[in-house]
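Good morning, and thank you for the time.

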Amino acid sequence: MKKTKLLPILLVLILLQACNSQTKDKEMKKTAISKPFDLANLTLNENINDVLLSENLSQKDTIKNDEVTLMGNAKLVFSSDKLLIFNKIKLANKNNLGINRVIFHYGKIDPEIGVLNNEKNNVLGMYQINLYTKSESDQLHDNLKLQFGKPKNTYSLGSINTTLWINNNICYYYFTKDNNEFYRVLFVYKKNDKEWVDFIGSLGFDPGNLKSVN
């Protein structure tokens, strides 16, 4: 009789142990944030909360903005010099045109709608660096050329120039507009996540050739 009563308890303990083991496995699979923080080290498998915690930041440190993101995602915008670093180049600065910023796009799945593309809750899907200052944007461009070499694709039309590098299945798409509306943007996303190509095009940053080469 005692054995009969003990059996359900043993089963519950075994199930709890299995659940704990699975939870630990999932935690072990989390992508660590390298120190010191550098945008160039991101693999786009990181949790946005881990990124912020690595530099003692929170969502309260975001700046006011009118940036948009892809459906199924959320975005956070920062001008902090703690985050605006790419391959050791400090990009934080501002002028009368605007404030240099980094925009993190990360999964925010609506439970009623479900997954739309490749998004995962709180996991980075893309980041973009918006630059208004010539010195920092030139340094970034020169560094991209030095780091990745010959680009996959280039495009020029009037004051607009675009360059695409692909490295380790991550796309680095650099858009420049050098007239009175001086504006430079770097988009970084996974090659297989085609939804970001459509999103970049919808923002007006793709003249039409990005989809054909990506």
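Please look at Tyr183 and Phe205, both of which are buried; buried means under 20% relative accessible area, exposed over 50%, and partly exposed in between, with a 1.4 Å probe and protein chains only. Before I continue, a word on the source: this is a predicted model, in which local features need pLDDT of at least 70 and side-chain atom pairs count only at pLDDT 80 or more, while totals for chains, interfaces and linings use all residues. Residues are numbered from 1 along each chain as its sequence is written, and side-chain values use heavy atoms, with hydrogens and water left out.

Now to the rings. There are nine aromatic pairs in the structure. Rings of Phe, Tyr and Trp (its six-membered ring) pair if their centres lie within 6.5 Å; planes under 30 degrees apart count as stacked, over 60 as edge-to-face and the rest as tilted. Tyr183 and Phe205 make a stacked pair, with 5.8 Å centre to centre and 20 degrees between the planes. This pair links distant parts of the chain, 22 residues apart: Tyr183 is in strand S11 (residues 183–190), and Phe205 is in the loop between helix H4 (195–202) and helix H5 (210–213). On the naming, helices (H or I, at least four residues) and strands (E, at least two) are DSSP runs, numbered from the N terminus.

How are the rings of Phe187 and Phe205 arranged? Their centres are 5.4 Å apart and their planes at 55 degrees, so this pair is tilted. It also links distant parts of the chain, with Phe187 in strand S11 and Phe205 in the loop between H4 and H5, 18 residues apart. Phe187 counts as buried at 0% relative accessibility, and Phe205 is buried at a relative accessible area of 12%. Ring pairs join Tyr132, Tyr173, Phe175, Tyr183, Phe187 and Phe205 into a cluster.

Next, the sheet. Seven strands form an open sheet in the order S1-S6-S7-S11-S10-S9-S8, with antiparallel pairing; two strands pair if DSSP finds at least two bridges between them. Its edge strands are S1 and strand S8 (153–157), each of which pairs on one side only. Neighbouring strands are turned by 15 degrees against each other on average, direction ignored. For such angles, axes are lines fitted to C-alpha atoms, for helices over the stretch in contact, and angles run from 0 to 180 degrees between N-to-C directions.

Helix H3 (residues 134–148) packs on this sheet, touching S7, strand S9 (160–167), S10 and S11, and its direction makes about 40 degrees with that of S9. Contact here means heavy atoms within 4.5 Å.

Let us return to S11. Seven of its eight residues are buried, so S11 is largely enclosed by the rest of the structure. S11 is joined to S10 by eight bridges, the two running antiparallel, and they form a hairpin with five residues between them. Within that pairing, Phe175 has Val185 of S11 as its bridge partner. S7 and S11 pair in the antiparallel sense over six bridges, and Met126 stands opposite Tyr189 in S11. Met126, in S7, is also the bridge partner of His105.

What does H4 pack against through its buried residues? The answer is strand S1 (73–78), strand S6 (101–107), strand S7 (124–131), strand S10 (170–177), S11 and H5. Those buried residues are Glu195, Trp196, Val197, Phe199 and Ile200. Just after H4, Gly204 takes a positive phi of about 90 degrees.

The peptide bond from Lys35 to Pro36 is cis, with omega near -5 degrees. Leu44 lies in the loop between H1 and H2 as well. Although Leu44 is not a glycine, it has a positive phi of about 65 degrees, and at 3% relative accessibility it counts as buried. By contrast, Asn56, in the loop between H2 and S1, counts as exposed at 69% relative accessibility.

That concludes the presentation, and I welcome your questions.
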